[in-house]
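Student: I have a structure open and would like to go through some of its contacts. Could we begin with the charged side chains?

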Amino acid sequence: MITLLLCILLDMVPMAMSVEGQDTCYHMYLHEVYVYPKLTFKNRRQERFYWKTVRDVKKCLPYARLISKDMAYADAQLLQITDKKERKRWWKQFEKKLFKKYEKDFRNMTASQGQMLMKLMDRESERTSYELIRQYRGKASADFWQFVAKLFKNDLKEGYDGADKDRIVERVITLVESGQL
């Protein structure tokens, strides 16, 4: 009885149960727990950056996953269409549908969340934002948006590097996925 109560309190569902004589044993799945060294911040600015990264990852990671599924669907559909005009027509309709689906949420994002979404899209699709724009919209459009990004001190060609430059983001993603943050 205590074990079942503990399972309910910890939001775990018993996976199986076995009875051995007078004893009942519950077998349950426990989530993986990731242990990282405790973060020590040199100053308040670093701490704010970390918690801002946590906020941005929590908001953008689900969108990055949804968009990557939409891109996989679009890629599969575009491969099946052989006629160039039909492909262009299909893409315009699909683009309008995506715009309707995500516009409201994206307009409410901050600039840092937009940057995080670009990083996470690169992580999910293994293609930079520049490559994605070039693939779907063309080189001229990709060059234009790269120019605009450079005006705001960003770079669409910059890739995601979870092992080095973006290791804090990777750590936050791991902790968020495991439910520890």
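Student: How do the side chains of Glu124 and Arg123 meet?
Tutor: This is a predicted model. In it, the side chains of Glu124 and Arg123 meet in a salt bridge, with 3.2 Å from N to O. Arg123 counts as partly exposed, at 23% relative accessibility.

Student: Which residues are joined with them into one network?
Tutor: Salt bridges that share partners join Arg65, Arg123, Glu124, Glu170 and Glu177 into one network. Within it, Arg65 forms a salt bridge with Glu124, and their closest N and O atoms are 3.7 Å apart. Because Arg65 lies in helix H2 and Glu124 in helix H4, the pair ties together parts that are 59 residues apart in sequence.

Student: Is Arg65 buried, exposed or partly exposed?
Tutor: Arg65 is partly exposed, with a relative accessible area of 30%. Glu124 also counts as partly exposed, at 26% relative accessibility.

Student: And what does Asp70 pair with?
Tutor: Asp70 forms a salt bridge with Lys101, the closest N and O atoms being 3.4 Å apart. This pair links distant parts of the chain, as Asp70 is in helix H2 and Lys101 in helix H3, 31 residues apart. Asp70 counts as buried at 14% relative accessibility, whereas Lys101 counts as partly exposed at 45%.

Student: How many salt bridges does the structure hold?
Tutor: The structure holds 16 salt bridges.

Student: Changing topic, which residues touch the most other members of the largest nonpolar core?
Tutor: They are Val57 and Leu120, in a core of 30 residues. Helices H2, H3, H4, H5 and H7 each supply at least two residues of this core. The largest share, 11 residues, comes from H2.

Student: What does Val57 touch, leaving out residues up to four places away in sequence?
Tutor: Val57 touches Pro62, Met116, Leu120, Val169, Val172, Ile173 and Val176. In helix H7, the buried residues include Val169, Val172, Ile173 and Val176. The buried residues of H7 pack against H2 and H4.

Student: What comes just after H7?
Tutor: Gly179 is found there, and it takes a positive phi of about 80°.

Student: Lastly, at what angle do H2 and H5 pack?
Tutor: Helices H2 and H5 pack at an angle of about 35°, with their axes 13 Å apart. Met71, Asp75 and Leu78 of H2 make the contact with Leu132, Gln135 and Tyr136 of H5. By type, these residues divide into four nonpolar, one polar and one charged.

Note on methods
Residues numbered from 1 in each chain as written. Predicted model: local features only at pLDDT ≥ 70, side-chain atom pairs only at ≥ 80, totals over all residues. Heavy atoms only, no water. Axes fitted to C-alpha atoms, helices over the stretch in contact; angles between N-to-C directions. Helix = DSSP H or I, 4+ residues; strand = E, 2+ residues; numbered from the N terminus. Contact = heavy atoms within 4.5 Å. Nonpolar A, V, L, I, M, F, W, Y, C, P; charged D, E, K, R; others polar. Buried < 20%, exposed > 50% of the residue type's maximum accessible area, 1.4 Å probe, protein only. Core = buried A, V, L, I, M, F, W, Y, C linked by side-chain atoms within 4.5 Å. Salt bridge = Lys/Arg side-chain N within 4 Å of Asp/Glu carboxyl O.
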